Amino acid sequence: MTLLELIYNKPELILQEATAALMRVQLPHYSKFRREEIYKKYSNLLLALTKCVETQKCDDMISYMDLISDERFAAGFEEEEIQIALNIFEEALWKNIKKHIDAKSQFAAKKMVTTIIDKAKEVLLEEYVTLSKS
């Protein structure tokens, strides 16, 4: 199985794992969301990541994180909360890559996921700096 096959055929495994982990952490703002809302937020994030994997570009993640950063900043989220949520999402991806992707393809899949998530974190931090100055 490839990374795209995992995302296309088993997205619920990634989303359920990330959702359950984020709910366990009990971050101040995320703990106010219901399980279904968190699942939907992670589903939107997975969609942006999928488009990046398909195109081999981070454009969709950059656009998505610009939107999320603005929304979360306006709602009073600390950037650390979003960073932790992204880390949880990445961990769920890595665990599922380990379980479901062919051993010879795991390194490339993890590298791709890490590159995209790192770009998301970078955009988040840049946007928070910009928003906090305004």
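**Exercise 1. Lys95 and its partner**

Lys95 is partly exposed, with a relative accessible area of 38%. State which residue Lys95 pairs with in a salt bridge, and how the two are placed along their helix.

*Solution.* The model is predicted: local features need pLDDT of at least 70, side-chain atom pairs count only at pLDDT 80 or more, and totals for chains, interfaces and linings use all residues. Residues are numbered from 1 along each chain as its sequence is written, and side-chain values use heavy atoms, with hydrogens and water left out.

Step 1. Buried means under 20% relative accessible area, exposed over 50%, and partly exposed in between (1.4 Å probe, protein chains only). A salt bridge is a side-chain nitrogen of Lys or Arg within 4 Å of a carboxyl oxygen of Asp or Glu.

Step 2. Find the partner. Lys95 forms a salt bridge with Glu91, and their closest N and O atoms are 3.2 Å apart. Glu91 is partly exposed too, at 42% relative accessible area.

Step 3. Helices are DSSP runs (H or I, at least four residues), numbered from the N terminus. Lys95 and Glu91 are separated by about one helical turn because they are 4 residues apart in helix α5. An α-helix has 3.6 residues a turn, so residues three or four places apart point the same way.

**Exercise 2. A second pair**

Describe the salt bridge between Lys119 and Glu122.

*Solution.* Step 1. The distance from N to O is 3.4 Å.

Step 1. Lys119 and Glu122 are 3 residues apart in helix α6, so about one helical turn separates them.

Step 2. Lys119 is partly exposed at 25% relative accessible area, and Glu122 is partly exposed at 37%. Elsewhere, salt bridges that share partners join Glu17, Glu91, Lys95 and Lys99 into one network. The structure holds 7 salt bridges.

**Exercise 3. A lysine without a salt bridge**

Is Lys110 buried or exposed, and which side chain of opposite charge is nearest?

*Solution.* Step 1. Lys110 lies in helix α6.

Step 1. Lys110 is buried but has no salt bridge. For charge, Lys and Arg count as positive and Asp and Glu as negative, while His and the chain ends are not counted. The nearest side chain of opposite charge is that of Glu90, 10 Å away.

Step 2. Contact means heavy atoms within 4.5 Å. Not counting residues up to four places away in sequence, Lys110 touches Trp94, Ile97 and Lys98.

**Exercise 4. A serine in α4**

What does the side chain of Ser69 reach?

*Solution.* Step 1. Ser69 lies in helix α4 and is buried, with a relative accessible area of 0%.

Step 1. The side chain of Ser69 reaches the backbone oxygen of Met65 at 2.7 Å.

Step 2. With residues up to four places away in sequence not counted, Ser69 touches Val123, Leu124, Glu127, Tyr128 and Leu131.

How values were computed
Polar contact = N/O pair within 3.5 Å; in protein donor to acceptor, adjacent residues only side chain to side chain.
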